[in-house]
Amino acid sequence: MPPTTTPKRKRGEGQWKLGHREPLNPNERFKKDDDGLNVRARIENIYSKQGFDSIDPSDLRGRMRWWGLYTQRKPGIDGGRTAALEPEELDDEYFMLRVRIDGGALTTEQLLAIGEVSQAYARDTADVTDRQNIQYHWIRIEDMPAIWEKLESLGLLTTEACGDTPRVILGSPVAGISADEKLDPEPAIREILDRYIGSPEFSNLPRKFKTAISWQQDVAHEVNDVSFIGVEHPEHGPGFDVWVGGGLSTNPKIAQRLGAWVPLDEVSDVWAGIISVFRDYGYRRLRHRARIKFLVADWGAEEFRRVLEDEYLSRKLIDGPAPVTPDRPVDHIGVHRQTDGRNYIGVAPASGRVSGSTLIALAKAVEAAGSRRVRLTPQQKIVVLDVPDDQVEPLKAELAALGLQAEPSPWRRATMACTGIEFCKLAIVETKERAIRLVEELEQRLADIQDSLEVPVSIHLNGCPNSCARTQVADIGLKGQIVTDAHGNQVEGFQVHLGGGLGLDAGFGRKLRGLKVTSAELGDYVDRVVRRYAEAREPGERFAQWVVRADEADLK
């Protein structure tokens, strides 16, 4: 008789709900030692007075993120050394500071203050991110109490802008004013913000948690941890369809529908239930598997919904229909009519790069035109609300003089870039300035065909594999890495991903083995592949559709 063997016990994933409370990696240990929210007092009372060298390492590279602070990259370290150096070798004594702008909504008074902080404390830096945040650079720890005093006096927060927390809530930049909207989600965003942001209830999650709430499909809902997207229920009327488990980085996944319809006044409760499932059942053993997308992938949407309903909501959710997918991306660029008869104007800064001075000038121009409201978009763009008819053309001209174009080329309109090696410790290549130069180059090289493109070809540049610029869901996604040029030299370059998308093209495109391009050759490559698309496409065929059927030689 063969010897019996004991079945191998499956290793625990560090899930709190299953009794696995002992920290299984350094991040879980420092969170157990002290809640990240508590570092605020040390910043104000110790570090801002005693300087950078007084900061405890667990605070410096851990808990400070709970207040929007990351150390930025020390200048002069090339991309080839990014993965070879220890964190303390990469750290500069300056910080990136992220200001969360939930729903992207700003008053001109807030915008003016953001610009003034930039001028006073951040060497005039300010970037609009694809999560509707503002990012500063060159921040000194000594200045943080004054910065917080200035921002928070106007309701602006850096609370949980980073860290293993509920990050900024994406919202439509035209919520409450769009003729295409049947339900304004702003009350739900505000309720979540007021009830849960900065609360210890959700300040120790397995990893970051990204939320999007919009009636329209303008918030990249397919790649967020949780999204509530507007839909009309045949019996119950306007409400929201629930999606969970989206995300990008090195293991991208499209979110799954729970098949549940939620009324506006229940969004915050359902959100709290979903984030509680993540907090309690999320994987805490390995950092690279700690996002909710892995839990949803393992469980499936049906099981996730069952646990949510039975263990956290104590009731069943209403089944609901899927929202209708728009036939083209929604970015709100240009002049559009509001429901009240006024106008909103969507403008495109170059890959989200602005400055404190630009934001101050923008705030003053908007006020002079009779408006008091501005919003940021998840595409690194800016929207000015409430513009009277007689102010539209004068304001467009004034904004264009600031580098904010309401009638941009398709290349400026659809290009995004992450922070890149200029400031980011994870980056391998330069992205922001490279994107700006690429747009300028394409505007000249492809001027003869750009008007024939029914939908702009999106180009997203990322400095590393983490996909902060959403490279896997771009028509042309560019992931930074060191590549070998024609002369055998190691230079900055990109691995190319083609045909990714959201909406009708939701997915990660076509993978081509070894498709790489040097940074210097990027303009040549984009020119070549876009011209082939323009020549070979069928009527109405989108770039992502063409990529699927194109010969591999035409994609190189």
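1. Strands here are DSSP runs of E with at least two residues, and helices are DSSP runs of H or I with at least four residues, each numbered from the N terminus. By that assignment, His 497 lies in strand β20, which covers residues 490–501.

2. The model is predicted, so that local features need pLDDT of at least 70 and side-chain atom pairs count only at pLDDT 80 or more, while totals for chains, interfaces and linings use all residues. Residues are numbered from 1 along each chain as its sequence is written, and side-chain values use heavy atoms, with hydrogens and water left out.

3. His 497 has a relative accessibility of 16% and therefore counts as buried, a term that means under 20% relative accessible area, with exposed meaning over 50% and partly exposed in between (1.4 Å probe, protein chains only). When neighbours within four places in sequence are left aside, its contacts are Asp 475, Ile 476, Gly 477 and Lys 479, where contact means heavy atoms within 4.5 Å.

4. An open sheet is formed by five strands in the order β3-β15-β16-β13-β12, with antiparallel pairing; two strands pair if DSSP finds at least two bridges between them. Because β3 (105–107) and β12 (334–337) each have a single partner strand, they stand at the edges, and one side of each is left without a neighbour in the sheet.

5. Within this sheet, β15 (residues 373–376) and β16 (residues 382–387) pair in the antiparallel sense over three bridges, and Leu 376 stands opposite Ile 382 in β16.
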